[in-house]
Amino acid sequence: MPNASAPPDRSTRLAQLISRRGRWFVVAWVTLLVLAGASAATIAGNLSGGGWYVQGSGSDAAATKLQTGFTGRGKTTATLVVHDRRHTVADPAFANRVQDVVDDVRHDDQLHVTGISGWTTLTGALKKPYVGKDDRTVVHSVAINLDDGTARRELPAIEKRISERYKADGIDASLVSPASFWGEVNALSQSSLAKAEIITAPLTIIILLLLFRSLASVGAALASGISGIVFTVGLLGAVARHLELSVFVQSAATMIGLGVGIDYSLFMISRFKEQLDRGHTVTDAVAGALRTAGHTIVASGGTIVIAMCALFLIKLNVIFSITLGVVVVVAFSVLTSTLFLPVLLHLLGHRINAGRIRLPGRRNNTRLEDSHWYRISAQVMKRPVVFLTVVVAGLLALASPAVKMQIFSPDARILSESSSVRTGYERIQDAFGDGATSPMQVVVTAPAKAGTADVDKELADLQNRLEDLPHVARVDSAEGVLKGLSPTARDGAEYQALNKPGYDKLPSEARQVIHHYVSADKTKIVFEVVPDSPSSTSGTRDLLTDVRDSTSHLSAGMTAVVGGETAEDTDANKVIQDGLVPVVAVMLIAVYLVLLATFRSLLLPLKAIAMNLLSISATYGVLVLIFQDGYGTELLHFDHTGYLQNFIPVLLLALLFSLATDYEVFLLDRVREEYVATGDNTTSVSRGLTRTAPLISGAAILMVAVFGAFGFAGLVPIQQLGIGLALAVLIDATLVRLLLVPAAMRLMGRANWWMPGRPDPARAPGTATGSHESETVANTPMPS
């Protein structure tokens, strides 16, 4: 028991302050909650669908160059695809029906179209490239005066409106582009988030009722956990008004906030109830909970925040946004659990057990040594080598598929079959070829205008090199139209037509097509390399490498950058992969130092890191088996993508390392308490594990339910993230915490707590092995 003559510690002072000013705390908290809620309500309209461009990359440079100076290209460029199910291009009604759609798109107030170039704007032979081989599908290039992030946010609603307006007339109309695709992904992610929350809410309440067996405890836990999320979304809503944040920030913050926030509430409430059961006053019970569970929560939250901050080294906005969301929600979860929740606990006092629910099979007076958790730990520590060997071998076997992990970004195949965006992609692929939805834009910049001899020859040579590459279906450029104007021209001489005196007198349709590929100042020339397969296939990725190699050494002072969907995704993948090593290094060092300060041991942090890496590797292996190899995808109704989403592995690494360390801190803090009290390593491990196992298991069940709900309700990125987190928590709370930890700590013995220059904590001055406190701990009934 605390020494009555000693000055009160911080936990006691805070508990005493709460006892005097508790109601004012509640008033202040509710006021701040209302303000945060008002800000949170605005977040959806301020989040960006972008965040995938790597600043300074070739794809980013190409996208910037294409925004101005070209016909049918703008800040965002989309392909308007119109498929008439009732007529073909030979029918007189076809042109009128298509023109209606084009006019509707052109004058849409929200779309901000600055130009359209395609089938309806051309005549004669110039129309032919814009008609599909089915004679029912035509396309137009649409220049949209919306930046990429805004377009990804706004296009889904516009797309849906246009599609539904003409569907009844037998017309499939849609806007196809990376912006429309990711906009649809973002919109569906938002609806999946709402669906997951609907699934999660009753599951969370049921699990908390089974853990706490009282309505008051469940209400306090939910109030604390939800407060953290509201504060987070409110702050992010304010930040999003001034800084680009990805729409994924809300999904990540809500998912992690529900899991971590309610977990922390679970730890605090359980320790408070335990203190009350020992006969402490309400104020002393609050102080005791803050001193023990509060310390654990702060250490755990600090570890998660520091580990996640390593991801800021990856210079990709979508990663930055997700990381910011997780860091903020964990920080607020710590604050709500250690400031707001203690206020609620003090106000409730012994009424924390109000609304008690009695369920059959509960044993209220089980002695520690009679618990099945105690028996499991005792059996493990009798044969530590056997258990350690078998479990490590099993986890390594699960991890083995991870060596063949493939990462990339998904394509339109992940969208539902009813999506108009997916329909548009499929119409283009069927009518124009599989790779027509994802051409690579080679943007050449010349020091002089096209039409000079040196520049023209290099342009002709480049077109020939690109056409000869493997996996190329065709190369679209201005060359075809220019050859029509100069049939006898060779070796790029056709470009000289751009500078002839009569150029301005050419038919407007011809100049329109030319300036879709040649800028108005004639210094930027575009070649669109159409692959023979979709953007995410290995053949298309290989083609991107070949295209970049072919354009890396141009003569005549010319330079080239390569953009398009495949280039954007590849550049994002590269920045993630390049950042992986420094992220892991910073994260491991930071986590080691935090655990070193928490446990005052040199070896325990190393053990924790090794076990965390082992469980994370096993999770990677299972994800590869499911999503990459396809095992169980049909049964579980998951998408078999053939790869993992590019940001999932690095994000999982940080999140799983953080969550695993969360359980490690909670368990070892209690083991250390027991070790200080008893001085016996084996007994302290058994007692610590027995006292924390019910809570760790309950928290794990809660997290598995929350993360699993997001996994089953979400699209591929959130699906893989949710299932990965659920699997990792399950592995960590069972194989690692119940088997590996006691086996390893039994083998390490007193070395568990070795720290040069510090005495053994069980023999340190001020500790009393076998003290009254130890006996009280040993004889207290087991928590449910």
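This is a predicted model: local features need pLDDT of at least 70, side-chain atom pairs count only at pLDDT 80 or more; totals for chains, interfaces and linings use all residues.

Colleague: Understood. How many of the residues of strand S8 are buried?

Modeller: Strand S8, residues 524-531, is mostly covered, with eight of its eight residues buried.

Colleague: Which residues point one way from S8, and which the other way?

Modeller: Lys524, Val526, Glu528 and Val530 point one way, while Ile525, Phe527, Val529 and Pro531 point the other way; all of them are buried. In a regular strand, side chains alternate between the two faces of the sheet.

Colleague: Which strand pairs with S8 over six bridges?

Modeller: That is strand S6, residues 440-445, and the pairing with S8 is antiparallel. Val443 has Val526 in S8 as its bridge partner. Strand S7, residues 472-476, is also joined to S8, by four bridges and again in the antiparallel sense. There, Val475 has Val529 in S8 as its bridge partner.

Colleague: Let us change topic. In what order do the strands of the four-stranded open sheet come?

Modeller: The order is S2-S3-S1-S4, with antiparallel pairing. S2 and strand S4 (171-176) are the edge strands, since each pairs on one side only. On average, neighbouring strands of this sheet are turned by 20° against each other, direction ignored.

Colleague: How many bridges hold S2 and S3 in their pairing?

Modeller: Five bridges, in the antiparallel sense. Within this sheet, Gly115 stands opposite Ala143 in S3.

Colleague: Which helices lie across S1, S3 and S4?

Modeller: Helix H4, residues 148-167, lies across strand S1 (76-84), S3 and S4, and runs at about 175° to S4. Helix H12, residues 420-432, lies across S1, S3 and S4 as well, running at about 95° to S4.

Colleague: Now the loops. Where is Asp135 found, and what is its phi?

Modeller: Asp135 is in the loop between strand S2 (113-118) and strand S3 (137-144). Its phi is near 60°, a positive value in a residue other than glycine. Most residues other than glycine have a negative phi.

Colleague: Is Asp135 buried, exposed or partly exposed?

Modeller: Asp135 counts as partly exposed, because its relative accessibility is 37%.

Colleague: And what about Arg600: where is it found?

Modeller: Arg600 is in the loop between helix H17 (565-599) and helix H18 (603-628). Its phi is near 55°, a positive value in a residue other than glycine. Arg600 has a relative accessibility of 37% and therefore counts as partly exposed.

Colleague: Since H18 has come up, at what angle does it pack against helix H20?

Modeller: H18 and helix H20, residues 648-678, pack at an angle of about 135°, and their axes are 9 Å apart. That angle is why H18 counts as oblique to H20. The crossing of H18 past H20 is right-handed.

Colleague: Which residues meet in that contact?

Modeller: On the H18 side they include Leu604, Ile609, Leu613, Ile616 and Tyr620, and on the H20 side they include Val650, Leu653, Phe657, Ala660 and Leu668. Lys607 in H18 and Glu664 in H20 are also among them.

Colleague: How do the residues of this contact divide into nonpolar, polar and charged?

Modeller: The contact of H18 with H20 has 15 nonpolar, three polar and two charged residues.

Definitions and conventions. Residues are numbered from 1 along each chain as its sequence is written. Side-chain values use heavy atoms; hydrogens and water are left out. Helices (H or I, at least four residues) and strands (E, at least two) are DSSP runs, numbered from the N terminus. Buried means under 20% relative accessible area, exposed over 50%, partly exposed in between (1.4 Å probe, protein chains only). Two strands pair if DSSP finds at least two bridges between them. Axes are lines fitted to C-alpha atoms, for helices over the stretch in contact, and angles run from 0 to 180 degrees between N-to-C directions. Contact means heavy atoms within 4.5 Å. Angles under 35 degrees count as roughly parallel, over 145 as roughly antiparallel, 65 to 115 as roughly perpendicular and the rest as oblique. A crossing is left-handed if the near helix is turned anticlockwise from the far one by less than a right angle, and right-handed if clockwise. Ala, Val, Leu, Ile, Met, Phe, Trp, Tyr, Cys and Pro count as nonpolar, Asp, Glu, Lys and Arg as charged, and the others, Gly among them, as polar.
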